[in-house]
Amino acid sequence: MATAENADKIIRALKRAGVNFVASLPDASLVPLVEGFEKDNDIIHVPLSREEEGVGVCTGANLGGKRCALMMQNAGLLNACNALTTTARQIEIPMLLLVLYAGALNDMAFPMLGLVTEPVLAALGIPHYVLDNLDDAPNLFAGALVQAYNAQRPVAVLMMKGVL
Amino acid sequence: MKRKEALFATRELFGDTPCFVTVGLVWLDWGTARPSDGNFHLKTLGSGSSLGLGLALAMPHRKIAVLDGDGAVIMNVNGLVTVGRVQPRNLIHIVFDNKIYESSGCIPTASAYNLDIAELGKAAGIKSVRKVSDLAAFSAAVKHAFDTDGPHFIVATVEPSGEDANTSYSRLNEVEGKFVFSRYLEKIEGRKLREDPIDVRLSIR
């Protein structure tokens, strides 16, 4: 069960990495994070209705100087593939993809999603890292953002349900 | 009304406003009406409302415009839904509705049949929605959008241009386009916006 305490640690780690703009869609496990972003005065939060528009929203905000994260479940990552390719990769826009890794190790939901997630990211040329220990969040988010800006592309952090 | 004459009639109202422009002939038309580094060529069909929203939230003190088409806007109706929810006061979204996919073979869009795109904007709750089909009403709608708080959603019925859309893809490099637009934003804002990788690295303590 996702907790507000864990969400708070993740949000602090994102803020330490300089994230000040988040676009999101919820998942049951992401509810405390969505609520945390809504309350946070240092982060502009955009609640989306489909993940692909989030790539555009983060691209517009990035052009305006914001450091952006797009949070979604991995089903949403698949929804976002065209914009990730023809906007984020084609135009070279850095952003952090915070992806709930459904169907992964020990998770009973959406087994097919769990299988295709990492191969799809690899095909899109998007580096990805798995967050399976909350203590790693600060270094992983910061490192992923440095890589995103250095390689001028999105970088994904796949969050296991256990860390939420 | 032709799209090109609508753009020429209103270009001065835009001033130095950054504009996201959808794929196809509107890019050429707008580049002729208002040649500027502040014109950004979209790549993902339908992404205009989304990029416009993102930049509008990042620069709430400045009007941000989106020049869109009917085929594009109905590919990302979600973008309207989110604009209706977030209500960015500084966003001006203009849709030229020629009722065909003009840049990809002139096949009719849903607006040639039963769809009313302006009603989509109203249903999404976008504060200011206008549907226009002549030059005077279009000019008045654009002036209203620059003079008042929005978000504004203007749907302009236009005739197909009858021109060849393939020419609109010449002289474009997306990454160069990003840097040109980025430097333009920095110039009109008078501050640094683009973060180099080293800026990001050094900012993390």
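Tutor: The model is predicted, so local features need pLDDT of at least 70 and side-chain atom pairs count only at pLDDT 80 or more, while totals for chains, interfaces and linings use all residues. Residues are numbered from 1 along each chain as its sequence is written, and chains are lettered from A in the order in which they are written.

Student: What makes W30(B) of helix 2 of chain B a buried residue?

Tutor: A residue is called buried if 20 or more other C-beta atoms, placed from the backbone, lie within 10 Å of its own, exposed if 12 or fewer do, and partly exposed in between. W30(B) is listed as buried, together with L25(B), V26(B), W27(B), D29(B) and A33(B), so each of these residues meets the cut-off of 20 or more.

Student: Why are strand 1 and strand 2 of chain B called a pair?

Tutor: Two strands, which are DSSP runs of E with at least two residues, numbered from the N terminus, pair if DSSP finds at least two bridges between them. Three bridges join strand 1 to strand 2 of chain B, therefore they pair, and the two run parallel.

Student: What makes strand 2 and strand 7 of chain B edge strands?

Tutor: The open sheet has six strands in the order 2-1-3-4-8-7, and strand 2 and strand 7 (128-132) of chain B each pair on one side only.

Notes. Helices (H or I, at least four residues) and strands (E, at least two) are DSSP runs, numbered from the N terminus.
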